[in-house]
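Hi,

Here is the structure we talked about. Please have a look, then read my notes below.

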Amino acid sequence: MRITTTTGLAVAALLRAKMRSLLTTLGVVIGVAAVIIMQSMGTGATALVTGELSGLGSNMLMMIPGSAHGMGGPNRSAPLFTPADLEAIHRECPAVRYAASSNGRSARVVVGERNRSTNLLGTTAEYFDIRQWGTELGRTLSDDDQRQAAKVCVIGETIRNELFGAGVDPVGAEMRVHETSCRVIGVLEAKGASTFGQDQDDLVLMPASTFARRIMGDDKIGVVMLSAVSEDRIDEAKAQVESLMRQRRRILEGEEDDFTVRDMRELIALMGTVTGVLTSLLAGVAAVSLLVGGIGIMNIMLVSVTERTREIGIRLAVGARARDILAQFLVEAVVLSLLGGILGLLIGAGGSYAASRMLGIPFTLPPMAALLAVIVSVVVGVVFGVFPARKAAHLHPIEALRFE
Amino acid sequence: MAEPGGPLLSLRSVTKVFGEGDATVHALRGVDLDIHPGEFVAIMGTSGSGKSTAMNILGCLDVPSSGQYLVEGIPVEDLPADVLAALRNDRLGFVFQGFNLLPRTSALANVELPLVYADVPARERGRRARQALAEVGLAGREDAHPNQLSGGQQQRVAIARALINEPEVLLADEPTGNLDSRTSAEIMTLLSGLNRDRGITIVMVTHDVEIAEYAGRLVTFRDGGILSDQPRSAA
């Protein structure tokens, strides 16, 4: 029998029981829609995060104490950095354009009756260049502020709104930061929430020298932010800083570094790993729902074979071969499953479009995912259609004809 | 193939046993029967006499437990399943008591069915099926579904389907069993005409003596064997 005839037969049979066909294929619809949404959101989120990270400045490097290969968090035994280290980097690493200290802790900030717990960052002027942060009002920290350990601070949008009120210009106002009175000199441009839902405008920055003297009581540096002269000199900058720091920290030949210099590419790669793990988890969920969908198809095809035993008998009597019957029921299962795949593709595309609009993620529909969904649904149809189709094909003509 | 003048269909010491142990039923106990081209044979017998089992074997829908069934001298047991299917498709035509039309399927599509399995292109199928329906007096009812047709009309559709591939043999199992006497007469006139005018060999099972009158030869079954086999004039 010709494949077009077989397909026509299958479609006609499915159309005779529209509601049942639709319900049968629902498992595949949901499975495929899940695959599409997951792929689309995964790709969208990765694009967003990558964009955000490169927005941090792709020339950016970060140096933290502790070995890169140590398990867990930063090695506590590794010594912190010093202002002298920072000066040495400025002096001796030509591939490094900017270097800034970055010490953070949480602190309570108070204006009049209002107070708030926020992230306090002690840093230097170059930090703003590295992060490419500008101010909406006032100015950023200067080298003079650092030299004089001036009691000044730059605040984020959230701090302005919470403590001074939205739209108020707080520049020049006084604010208590952890027992120290500071003058607000600038408000950062609003950056909104990060990918992970963290409010990036909930922070206060002050000169590293002021932070050391008034807040921490020592001038050790926890994190050094660096920026290479250009993107193609990142590796060079990294090598220069590493070699300098090994020398300054007296690390012997063959001994492991007790500090780590990371660049943003590593962070992007790390993000890729995280979304990769999430994607494979969701892929597992999708696989399970496709399995369930396939079993649903197999179940209804078995019911259909029993219901249509007489029809099979008639077909055998007028000269259908076993393989004609096999093809008829197999094609029916595949058409059913493919229909589910296409429906799932449409619902998945619609769903991920809606979700991406809601979450502010760029909408992408990877063509490979769409193709894969269609192929997978055909495979599901074949795998779960073979058993019922074989059952139909092996019916005895007389018993099939006598079946009531 | 077969020697000229030889039988078209022939059963040789055919037995058929169903079930096993205490439930064993000997449906056929060594039947010999030759059917020659152009004959119109009626098979009679009480239920359980083995006549339907014999019909199923003649129709290649079932196989003997022992003995041989030869179609034009060729033992059917040696033929692969696909050849048997082809035999059913273009050498044999079936007409059943219950019509056995596909429900929710038009008369035309029902008649086309054997051509589908003979790989005849769709246009050709439609043309031949229309012609076959016209020959059984159903022109204009091509799109009717079986439940929109009377019993006699449904049986005509079934006959059209049986004839579409121009078979040598028409096997009819109680073709008038579900029909009233007037419709039965119409169907029988149609079948006799096919036998007389087109030389189609007909083997028909019936329990109705009047219906058997249309045949040229009467074979009576009893207890899995042939009780009598004689020309109708002598019946």
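The buried residues of helix 8 of chain A pack against strand 1 (60-65), helix 3 (83-92), strand 2 (96-111), strand 9 (223-228) and strand 10 (259-263) of chain A. Buried means 20 or more other C-beta atoms within 10 Å of the residue's own; exposed means 12 or fewer; partly exposed is in between; C-beta atoms are placed from the backbone. Helices (H or I, at least four residues) and strands (E, at least two) are DSSP runs, numbered from the N terminus. Contact means C-beta atoms, placed from the backbone, within 7 Å.

This is a predicted model: local features need pLDDT of at least 70, side-chain atom pairs count only at pLDDT 80 or more, and totals for chains, interfaces and linings use all residues. Residues are numbered from 1 along each chain as its sequence is written, while chains are lettered from A and ligands numbered from 1 in the order written.

Which residues of helix 8 of chain A are buried? They are A:Ile234, A:Ala237, A:Lys238, A:Gln240, A:Val241 and A:Met245. A:Arg250 follows the helix, with a positive phi near 55°.

The chain contact takes 16 residues from chain A and 21 residues from chain B.

B:Ala160 touches B:Val111, B:Ala132, B:Leu133, B:Glu135, B:Val136 and B:Leu138, leaving aside residues up to four places away in sequence.

Best wishes

Notes: Contact = placed C-beta atoms within 7 Å.
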